[in-house]
Amino acid sequence: NAGSVEFLVDKDGNHYFMEVNPRVQVEHTITEEITGIDIVQSQILIASGKTLPEIGLTQDSIPEPTMYAMQCRVTTENPAHDFSPDAGRVWHSIGRRTWISWC
């Protein structure tokens, strides 16, 4: 199985370990977006016995990210109902791009 190792990096390039997760993270689509690597496909190939070099994944072959991506989770609670979960629309607009999500 493939998992993830999370680090924070400060402005001086020092790495600080955060956690290891023995599964594909919900946020894996962000890594896929900035690296161009299909993490789920890679995990399946590794589980089938392929090595990282056999599927073209060596440290030197992973491109430096050329963009940034961010994923957010929005949760709502209704204070008028003892902070129970609530649902509704989330609208966000940047310039001419508008995202509509149903919660």
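Helices (H or I, at least four residues) and strands (E, at least two) are DSSP runs, numbered from the N terminus. This is a predicted model, in which local features need pLDDT of at least 70 and side-chain atom pairs count only at pLDDT 80 or more, while totals for chains, interfaces and linings use all residues. Residues are numbered from 1 along each chain as its sequence is written, and side-chain values use heavy atoms, with hydrogens and water left out.

Strand β1 covers residues 4-9 and includes Ser4; strand β2 covers residues 15-21 and includes Asn21. With neighbours up to four places away in sequence set aside, Asn21 touches Gly3, Ser4 and Glu6, where contact means heavy atoms within 4.5 Å. The side chains of Asn21 and Glu6 are also joined by a polar contact of 3.3 Å. A polar contact is a pair of N or O atoms within 3.5 Å; within protein, one must be able to donate a hydrogen and the other to accept it, and residues adjacent in sequence count only if both atoms are side-chain atoms. Asn21 has a relative accessibility of 6% and so counts as buried (under 20% relative accessible area is buried, over 50% exposed, and in between partly exposed, with a 1.4 Å probe and protein chains only).

Ser4, for its part, is in contact with Glu19, Val20, Asn21, Arg23 and Gln25, leaving aside neighbours within four places in sequence.

One aromatic pair is found in a search of the whole structure. The ring centres of Phe7 and Phe17 lie 5.8 Å apart and the planes meet at 70 degrees, so the pair is edge-to-face. Rings of Phe, Tyr and Trp (its six-membered ring) pair if their centres lie within 6.5 Å; planes under 30 degrees apart count as stacked, over 60 as edge-to-face and the rest as tilted. The pair links distant parts of the chain, Phe7 in strand β1 and Phe17 in strand β2, ten residues apart. Phe7 is partly exposed at 43% relative accessibility, and Phe17 is exposed at 52%.

Helix α2 spans residues 39-47, and at its start a side-chain oxygen of Asp38 comes within 3.2 Å of the backbone nitrogen of Val40. Gly49, with a positive phi near 110 degrees, follows α2.

Neither is a glycine, yet phi is positive in Asp82, near 55 degrees, and in Phe83, about 60 degrees. Asp82 is exposed, with a relative accessible area of 71%; Phe83 is exposed at 52%.
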